[in-house]
Amino acid sequence: MPKKRSYRMAHGPCREGYIIEGYIMIRKKYLIAALFAGTVIAALSYAQGTPTPVPDPVPIAPGKGVRDNGFTQYTRPLASQDVLIRGKALYNSSCRSCHSADIRGVPGKGNSLLRSGVVLSDKAGELIADSLAKHNPKINLVEADNLAISEYLHSIEATAGPQGSPPGRNPMGIELNVLVGDAKAGEAYFLKACASCHSPIGDMKGIASKYADAKALQNGWFDGIVPGAGRGGGGRGGMQATVTMPNGTTFEGRSIRKDDYIVILMLADGTRKSIPLDVTPAPKVDMKDPQEAHKKMAIAIDDPDNKNLHDITAFLWTLK
Amino acid sequence: MKKTTILFSLLAFLGAAPVFLHAQSGGLDPADILKPLSDQWTSFSGDMTGKRFSPLKSINLNTIKGLGLKWANTSITTGCGPDGMGPAAAGGRGGGRGVAGLIVAGLGNGESNTCGPARFGGGMLFVDNTIYAATRDDVYSIDAHDGSVLWHYYWKFRGGTSTGTRGPSMWHNYIFFTFHDNYVVCLDAKTGKEVWKKEIAPFDQQYFSSNVPLVIGNHILVGPGNDMDAPAWLQSLDPETGAIQWTHYNTPQNPGDPGLETWKDLDAARHGAGTSWIPGSYDPDTHLYLYGTGNPTPSYTTGRGDGDNLFTSCLIALNVDTGKMQWYFQTSPHDTHDWDSTQTPILADLPFNGVTRKLVMMATRNGYFYVLDRVTGEHLITSKLGLVNNYASDIGTDSKLHLDARGQVRRNPQKDASVAGSVVNDDVLNHQPPTFSPDTGLFYVHETNSLRIDYLLEPDARGSMGLGGESSEAGINYGTFIDAIDYKTGKVVWRHQLSSGNVGLLSTAGGLLFTNDGQNFAAWDAKTGTPVWHTQIGGLSAPAETFMLDGKQVILASAGTGLYMFQMNQ
């Protein structure tokens, strides 16, 4: 089951392949609106130097869930705007100081409600009301207020991401800076380790401008993938193979498939050549990996504190 | 006792008697599940040792060239839509040859089910000439003689998280299966009709479940998976009623629980997960069930304290009668890389330093191989797998291991996910089952080698939730291999490169090792790793199995293209 690599990061059996059912069926306009609102709040907070927890998720589509199917929180019909606005106001006045604006809790004061079993299992305020009735310190609310708070909490749960992620991929709006290395040290390392294949004034000239940001640059140079050019640069990609037949005839081309039993080449003239290997005498196959030098480099730069990685990225970021 | 009470009790007994007698007679005796693998395939691994080693040897190094197709069924389909027949516009449901009873169940509306070819996963059972196999939302009974579907139980999935299936289990005349939206069902093996069903974890709390309801005697062991930061547990059910016998949580849930000191606080421990989503192995002599637990949550990030986060990413020995833990060994203390230890432990009685010992062997996702005494948990060997494994030591195969006094791996914290990125090896292996051949003394397992960059996405001082990180998109791949490991030393004796493939392994007394290599279902000489046989049926969806059908050894393989049975050509 194909999936985006970023979701592959989750724990559990995800390495086999995750499909978050219905995730792609999110009503995009609602999600975009919610995320946009959150982003604006995050940006404002960060710009003002007040990295308070954000966002206050915005109610989105009364009467409908945010997804067509999947977990209850996503399919549960949302309450009307009036109820949600009221719930938010009540939450801010009665709950926010201990459970925070993003309902993920305040250390030493209140637990995270985003992963609370009570909130997740609540159907129509009944469990939340019961919890509030036992709350310490005491919170006295009428039934309608309990319901409004529960509906507001459910509206936030509805915007949570897959696999336990909170709403948004970076809800705190914290700048995730990968440029922590020493560019000069990176240049020195580059000239020592990479210059036999690459040049800052040749193939690497302007390399940083080919990527959306420094993180994409770091991923790209490390993985050996240049936007628009593919792995290995130049769009060549794939293993190159030379097959020597028992009679001395040779075939050279890009390896489409190679296992213990067959090698299939795409020859220079565009024709396909399939050569069985489970014969006696067997043809001799020499594989040449265009990434071989790059792979050695990736092993060579590995150090316990990732300094080489960060230094090289800092240097390459200067090549705009 | 009053007469009325006696009469009532008698009537109640008589009323229950048909079910009781029906359940207790015929079918698969649970005692047979505890026997070494032989002519049938009665559980996820074939037997409860986890070896996946068959004593059958009519298919062997000398005869393998004559192995050919007995039958193939490429038309078995999954159910979908409200009635299981799928939308008419999509051509409806094929169902495969000999489609018999279609039983429709489940709490969804069918819209979350996927129409298409049945791609069987996990363990497929072979009992009394019948195959019981499953996809995520479907359980099938299949005639082993020709691949015809005898019955098909279709479950309308409510949605939520979806992974692979690990297969069904059997107890007398009952078939058990776990559906992803947390229902364990008990089906009549003859008809596929539902006997009982039970929700084992709340769907509202975003649990999903994929593990085999494992049969051990009169226990059905079940447990959910999850990706929320939520409690995880193993539970024993009564096979006849589904009633809970005991529950064991994989992390501390109450003040005073052992291991609590390894968490930031009780709240963190309660939400620390450690799900067990792959069947373990069982030692009938000690009544110990040995199983692996998943990674702690949140997975990549902060919020759990600096301790080991017990009992996540552990090998656990649990008394199956009481549900009490006897010992543990943590294979990835304070895991920060999503490295579940939910791999199959293999049990064997073997010579070790001149003495025959009751051993358990396990290779884990972080790329380490362990040998322990399975009775006491005494550590005997830790060794490193992988060509570029750097998370707890310098890169390379011969680097010094960083182990604690118990032989547990100590990670390099600087290889944790970081905002600026950390170069670290990818999973060296995963849940796909290994095999052990007592004949060669070798433990076989898939090995994948690649480097990636791990990023921390959510440096929330309060701790993050769920994921909190990501990897570089592609990584650098250094190849996929079958490793053959000497259990006495932990050293890789031979390593054979595959074009691709990682589905799990089977070894036999015929000197053979089976798995897939890219598009091939293939066999190797188990001693040397020399390729000896292949057939191109596409990548396997489940590891191969072997058993006796009508007096002949056969081999069953499920590929994305269909279900295949092989036997020796006459």
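Chain A gives 59 residues to its contact with chain B, and chain B gives 69 residues. The model is a predicted one.

**The side of chain A that touches chain B**

- Five elements of chain A give two or more residues each to this side: strand S1 (19-20), helix H5 (117-121), helix H9 (214-223), helix H10 (292-301) and helix H11 (307-316).
- H9(A) supplies the largest share, four residues.
- By residue type, this side of chain A has 24 nonpolar, 20 polar and 15 charged residues.

**Helix H10 of chain A**

- Which residues of H10(A) are buried? They are A:His294, A:Met297, A:Ala298 and A:Ile301.
- Seen down the axis of H10(A), the buried residues fall within an arc of 100 degrees, so they line one face of the helix.
- An α-helix has 3.6 residues a turn, so residues three or four places apart point the same way.
- On the face of H10(A) turned away from the buried side, A:Glu292 and A:Lys296 are exposed.
- The cover over the buried residues of H10(A) comes from both chains. In chain A it includes helix H8 (183-193), H9 and H11. In chain B it includes strand S29 (442-456) and strand S31 (476-486).

**A five-stranded sheet in chain B**

- Five strands of chain B form an open sheet with the order S3-S7-S6-S5-S4, and their pairing is mixed.
- Strand S3 (101-105) and strand S4 (125-127) of chain B are the edge strands, each pairing on one side only.
- On average, neighbouring strands of this sheet are turned by 15 degrees against each other, direction ignored.
- S4(B) and strand S5 (residues 130-134) of chain B run antiparallel and are joined by three bridges.
- Opposite B:Val127 stands B:Thr130, a residue of S5(B).

**A four-stranded sheet in chain B**

- Another open sheet of chain B has four strands in the order S19-S20-S21-S22, with antiparallel pairing.
- Its edge strands are strand S19 (281-283) and strand S22 (324-330) of chain B, and each of these pairs on one side only.
- Neighbouring strands here are turned by 20 degrees against each other on average, direction ignored.
- How many bridges join strand S20 (residues 288-292) of chain B to strand S21 (residues 314-319) of chain B? There are five, and the two strands run antiparallel.
- B:Gly292 has B:Leu315, in S21(B), as its bridge partner.
- Strands of a sheet pair through backbone hydrogen bonds, either parallel or antiparallel.

Definitions and conventions. Residues numbered from 1 in each chain as written. Chains lettered and ligands numbered in written order. Predicted model: local features only at pLDDT ≥ 70, side-chain atom pairs only at ≥ 80, totals over all residues. Contact = placed C-beta atoms within 7 Å. Nonpolar A, V, L, I, M, F, W, Y, C, P; charged D, E, K, R; others polar. Pairing = 2+ DSSP bridges. Axes fitted to C-alpha atoms, helices over the stretch in contact; angles between N-to-C directions. Buried ≥ 20, exposed ≤ 12 C-beta atoms within 10 Å, placed from the backbone. Arc of directions from axis to C-beta.
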